[in-house]
Amino acid sequence: MSDFNRQKIVESVPQKGFFGHPKGLFTLFFTEFWERFSYYGMRAILVFYMYYEVSKGGLGLDEPTALAIMSIYGSLVYMSGIIGGWIADRLLGTSRAVFYGGILIMLGHIALSIPGSLAMFFVSMVLIVLGTGLLKPNVSSVVGDIYSPEDNRRDAGFSIFYMGINLGGFLAPLIVGTVGMDYNFHLGFAIAAVGMFFGLLVFVFTKKKNLGLAGTYVSNPLSADEKGKVYTRIGLGAAVVAILVAVGIPTGLLTFDSFIALVGVLGIGLPIIYFTVMYRSPKTTEVERSRIIAYIPLFIASVMFWAIQEQGSTILANYADKRTQLDFMGLDISPAWFQSLNPLFIIFFAPVFAWLWVKLGDRQPSVPQKFSLGLLFAGLSFLVILLPAYLGGTDSLVSPLWLVLSYFIVVLGELCLSPVGLSATTKLAPAAFSAQTMSLWFLSNAAAQAINAQIVKFYSPETEMTYFGVIGAAAIVLSIILFMLSPKIQGYMKGVR
């Protein structure tokens, strides 16, 4: 998108009206609130649905397989952001991409709510993966569009937006988790579908008044000739994939283990391809190339951070179910409720961090320094959770307060890294790749979960001290390295703070 068009978008949006921010933030806040309610509600019970016995309403998969599927699912959800970003940049614009993505997500939750077979589960996975790829990176890109590049409210705006994400994430496990775990998994998934429907209503009925032109421009549209070639390639690609699946499954070449390996290769390979394409593109200026170089270590740090944070829905969910004393102080705790801890802490502390960055102004830590702090806290959160096994062994149930403390510490890191990363991505992105760069940011989460799918099989109560200790220590070491390199990285950012 040209600077001229971006300025037109900013000028077309009312500049104040939602906590001192543009009114468009209201639309985006509540659209993402309901989308995250549906996603995190589904995710709070999904791993239990997979490995609980059929007699208890589950699918009856073994635990290692269920944990790996959760990681692969999460990886594909964020990996699909590449497709969603490309479609927004080249075909639809971000606003329409958000709308169509919401419809697909809703249909995916409806598929999960229908009692059936493992086949319905995989149908829902495909719909939610594609829908989230269209919605999630593009709704964040529109947040960037409603602020001018010089507006110092941008970081605070993303923090408020991030609080909306986590408000939905907090309520969902309590509501969907309770219904799904205590009554019926499929009824819980149906509530998630209703949540996404509400998100669509908010977006459709408020976007014209609040967003103006934001999200309506296609930043790098395909020409008529390019469209024909692209559609042909998409059709051929879909046909090739269908043939490979049809041949691979009966012959045993396409197995669950080989699919995990394939996703792992894509998780690492796709970011490398994307960085290369953006850097070498003739549409990328010299200043933008320098900023791409600065973005690489931030991306690597993000992968390490999300590799720890995303285990809250896999390893720590299993830990809550199998290793934690759920009858605590007279309260019968559902293991799904622990999924609300992360967003609950963010709701309380996101405004504090938003205020802190504004208060510090030019004295606040640089973007690389904030990332290094995020990694430090992530590493500490894993070192904390190994202490119960060290102090009391692996045979007894542990106090839920250990999980509470671990989630709290990783939240401090998340608030240093995630909203700052969203904001930095919109500022460091080459103009011709604005939505796709946001997709690249989410691809760091995809890479992290692809790696997690490979390593969760090493976790067991007997190995948990080594598991948490090695991963936590690796994050702390990377944090120290990033902090030392921060001045150099800041120089490559060419004025972006």
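Student: How many cavities of 30 Å³ or more does a search of the whole structure find?

Tutor: On a 1 Å grid over the protein atoms alone, a cavity is a set of points where a 1.4 Å probe fits but cannot get out, and its lining residues have an atom within 4 Å of a point. Grid points are joined across faces, edges and corners, and a volume is the space filled by probe spheres set on the points. The search here finds five cavities of 30 Å³ or more. This is a predicted model, where local features need pLDDT of at least 70 and side-chain atom pairs pLDDT 80 or more, while totals for chains, interfaces and linings use all residues. Residues are numbered from 1 along each chain as its sequence is written, and side-chain values use heavy atoms, without hydrogens and water.

Student: How much space lies in the largest cavity, and which residues are closest to its centre?

Tutor: The largest cavity holds about 390 Å³. It is lined by 32 residues, and Tyr40, Trp306, Gln309, Glu310 and Glu414 are the closest to its centre.

Student: Why does the largest cavity lie between domain 1 and domain 2?

Tutor: Domain bounds come from an automatic or database domain assignment. Domain 1 (1–221) and domain 2 (275–496) both contribute lining residues, so the largest cavity lies between them.

Student: What about the second largest cavity?

Tutor: Its space is about 50 Å³. Among the residues lining the second largest cavity are Tyr39, Arg43, Met70 and Gln449.

Definitions and conventions
1 Å grid on protein atoms, 1.4 Å probe; cavity = no way out; pocket = protein on both sides within 12 Å on 5 of 7 lines; lining within 4 Å.
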